[in-house]
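Me: I would like to go through this model with you, starting with the ligand sites. Please keep the answers plain.

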Amino acid sequence: MTTQNSDTLADTPDAQTYDVEAVNSATRRQPLYAPRKKIFPRRASGQFRRFKWLVMLVTLTIYYVTPWIRWDRGPFAPDQAVLVDLANKRFYFFFIEIWPQEFYYVAGMLVMAGIGLFLVTSTVGRAWCGYACPQTVWVDLYLVVERAIEGDRNARMKLDAGPWSANKLMKRVAKHGIWLLIGVLTGGAWIFYFADAPTLLHDVVTLHAPFVAYATIALLTATTYTFGGLLREQVCTYMCPWPRIQGAMLDEHSLTVTYNDWRGEPRTRHAKKAIAEGKPVGDCVDCNACVVVCPMGIDIRDGQQLECITCALCIDACDDVMTRLGKERGLISYATLNDYNRNMALAMGTGKVIQPSRVRDQLTGRLVDAVKRTDWRSIVRPRSLVYLLVLVLIGLGMLTALALRSPLSLNVLHDRNPLYVELRDGAVRNGYDVKVLNMTPQPRQVVLRLEGLPGATLSFADGGSETAGPIPVTLEPDKVLPLRLYIRVGHEALPSSPVPFRIVVEDPATGLDRSVESTFEVPEQRR
Ligand code: SF4
Ligand code: SF4
């Protein structure tokens with residue numbers, strides 16, 4: 001329970017008493033958060049809205065189309081460009097194939113995504129939230145459906161407030177039906193990233209797909225419908241941690257959607273009358289156009305708020321108003337705190353209130369040259385350059401590692417127990433678990449041989465004769481070949497102490513080889 005202190009303080013002879021009322025009491029409990037008020041954002045139009053349409057089109061196209069892009073990897077590998085092949089533990093991304101032991105590439109990509117998000121947030125604020133976040137994109141998509149069926153803000157509000165009728169029922173059924181269909185398509189597209197898309201689609205339609213596929217579709221349908229259609233702004237405000245984290249990343253050089261009250265205040269709906277009375281008048285005509293388009297239901301004129309996803313729709317709305325009034329656009333604009341503070345200082349001078357005459361030419365009515373306009377120079381600074389440099393370095397490092405990685409790999413594990421076996425003829429044998437990885441989509445003929453262990457012979461546990469020379473081995477495409485290898489050294493050639501040597505796998509056709517150092521162990525009494 002919390003109490004609210006008051007400035008009013010009363011003293012009694014016995015104890016200090018406070019004039020205060022419990023915020024939470026048995027008879028009046030505060031809800032976890034304020035009851036939700038429905039938001040009916042009006043359709044906005046302008047440059048940022050157009051840009052958002054474009055981003056929405058591109059991101060949705062990428063999401064839905066990517067699993068259907070084919071990529072020829074030959075007859076032995078899947079021909080899907082992007083595939084998370086869980087069964088075979090592979091991740092395919094166009095020409096890149098990531099094996100489980102190369103998970104550091106995925107980790108590297110996640111690190112790059114994180115730094116990229118830092119870079120974007122520190123320079124252009126919550127651009128991710130406002131334009132590319134899946135929640136934003138799908139809410140926009142759901143709003144398109146809602147507007148198409150129920151109309152724009154006023155029509156939707158009227159329908160919502162009105163009694164149930166056949167028309168309302170029909171519209172609601174149609175809207176929720178299409179929302180659910182979008183949810184199904186969203187979940188459906190997701191599963192295609194984990195299996196051959198055409199095959200899985202056929203299996204899903206004919207009810208032959210595995211249960212997990214249907215469960216995933218059902219889960220994603222439910223989350224898409226709930227988050228995008230029902231919860232909308234509540235997800236950003238109450239569920240997403242990003243608004244809290246981004247507060248730590250923004251600084252005075254970051255771009256944020258800003259109401260420029262240094263030119264907007266004092267606001268009035270009756271400018272002519274106020275001017276006639278000799279009162280100072282700012283550019284804001286208090287039309288609330290910026291509020292009705294806001295998908296988060298906030299008023300940007302109240303200043304920076306956690307709820308603001310910087311979608312910039314209020315900029316479009318206000319620019320439209322300013323254009324119609326014959327005033328300069330940008331009363332609401334992307335601006336840095338630095339530039340805002342500078343303009344605020346200019347507008348206030350040594351006084352304590354905004355004086356519109358200080359930022360506006362009295363003859364032309366235009367903003368004076370001393371007003372600082374935010375441009376790209378305002379956001380370029382060492383911090384963003386360091387983020388960019390780190391991002392580029394990690395990217396180059398990963399590309400270099402990818403370009404230099406060998407398509408042939410070898411792992412060797414010496415037996416721990418027993419370390420060696422003494423044979424009846426006095427020879428000593430060591431056992432090794434060998435894994436040869438052919439990381440290409442073609443079969444490969446390689447040979448296995450030893451270096452640095454004179455007198456040794458090789459054999460495999462699953463048969464074949466012992467030989468001192470290289471043993472030919474056939475590798476299947478894109479597979480790991482596990483081998484149980486025995487190395488035997490006769491009595492006469494037995495070393496007096498454990499000997500380091502190398503196991504080599506070589507592709508004679510290409511000259512490519514890989515080798516691993518191991519040890520040949522001998523009994524104590526032979527040393
Ligand atoms: S205040 Fe403006 S930028 Fe922020 S969420 Fe609302 S419309 Fe988008
Ligand atoms: S749209 Fe512009 S003029 Fe209208 S209330 Fe918002 S800030 Fe003021």
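Me: By class, how many nonpolar, polar and charged residues does the shell around ligand 2 have?
Reply: The shell around ligand 2 has 10 nonpolar, 1 polar and 2 charged residues. In this classification Ala, Val, Leu, Ile, Met, Phe, Trp, Tyr, Cys and Pro count as nonpolar, Asp, Glu, Lys and Arg as charged, and the others, Gly among them, as polar. Please note that this is a predicted model, in which local features need pLDDT of at least 70 and side-chain atom pairs count only at pLDDT 80 or more, while totals for chains, interfaces and linings use all residues. Residues are numbered from 1 along each chain as its sequence is written, chains are lettered from A and ligands numbered from 1 in the order in which they are written, and side-chain values use heavy atoms, with hydrogens and water left out.

Me: Which residues are the closest to ligand 2?
Reply: They are Cys284, Cys287, Asn288, Cys290 and Cys318, out of 13 residues that surround ligand 2. A residue is counted if one of its heavy atoms lies within 4 Å of the molecule.

Me: And which elements give two or more residues to that shell?
Reply: Helix H13 (289-292) and helix H14 (313-325) do. Helices (H or I, at least four residues) and strands (E, at least two) are DSSP runs, numbered from the N terminus.

Me: Asn288 has come up already. Where is asparagine 288 found, and what is its phi?
Reply: Asparagine 288 is in the loop between H12 and H13. Its phi is positive, about 65 degrees, although the residue is not a glycine. Most residues other than glycine have a negative phi.

Me: Why does asparagine 288 count as partly exposed?
Reply: Because its relative accessible area is 27%. Buried means under 20% relative accessible area, exposed over 50%, and partly exposed in between (1.4 Å probe, protein chains only).

Me: Where else is there a positive phi of this kind, about 55 degrees?
Reply: At aspartate 478, which is not a glycine either. Aspartate 478 lies in the loop between strand S14 (471-475) and strand S15 (479-489). With a relative accessible area of 8%, aspartate 478 is buried.

Me: Back to the ligands. Which residues are around ligand 1?
Reply: Val257, Cys294, Pro295, Met296, Ile298, Ile300, Cys308, Ile309, Thr310, Cys311, Ala312 and Cys314. By class, that shell has 11 nonpolar, 1 polar and no charged residues.

Me: What does tyrosine 131 touch, leaving out residues up to four places away in sequence?
Reply: Tyrosine 131 touches Phe48, Phe51, Lys52, Val55, Thr136, Val137, Thr310, Cys311, Ala312 and Tyr334, where contact means heavy atoms within 4.5 Å. Among these, Thr310, Cys311 and Ala312 are also around ligand 1.

Me: Is tyrosine 131 buried or exposed?
Reply: Tyrosine 131 counts as buried, at 8% relative accessibility. It is found in helix H3 (residues 127-132). Tyrosine 131 and proline 78 are 53 residues apart in sequence and 34 Å apart in space, C-alpha to C-alpha.

Me: What about proline 407, and which residues is it in contact with?
Reply: Beyond neighbours within four places in sequence, proline 407 is in contact with Leu437, Asn438, Met439, Thr440, Arg444 and Leu512. The C-alpha atoms of proline 407 and methionine 439 are separated by 4.7 Å, though the two are 32 residues apart along the chain. Proline 407 lies in the loop between H17 and S8 and counts as partly exposed, at 28% relative accessibility.

Me: Finally, what pLDDT does the protein average?
Reply: The average is 90, and 94% of the residues score at least 70. pLDDT is the predictor's confidence in each residue, from 0 to 100. Over residues 1-12 pLDDT stays under 50, and the model has 17 contacts beyond four places in sequence for them.
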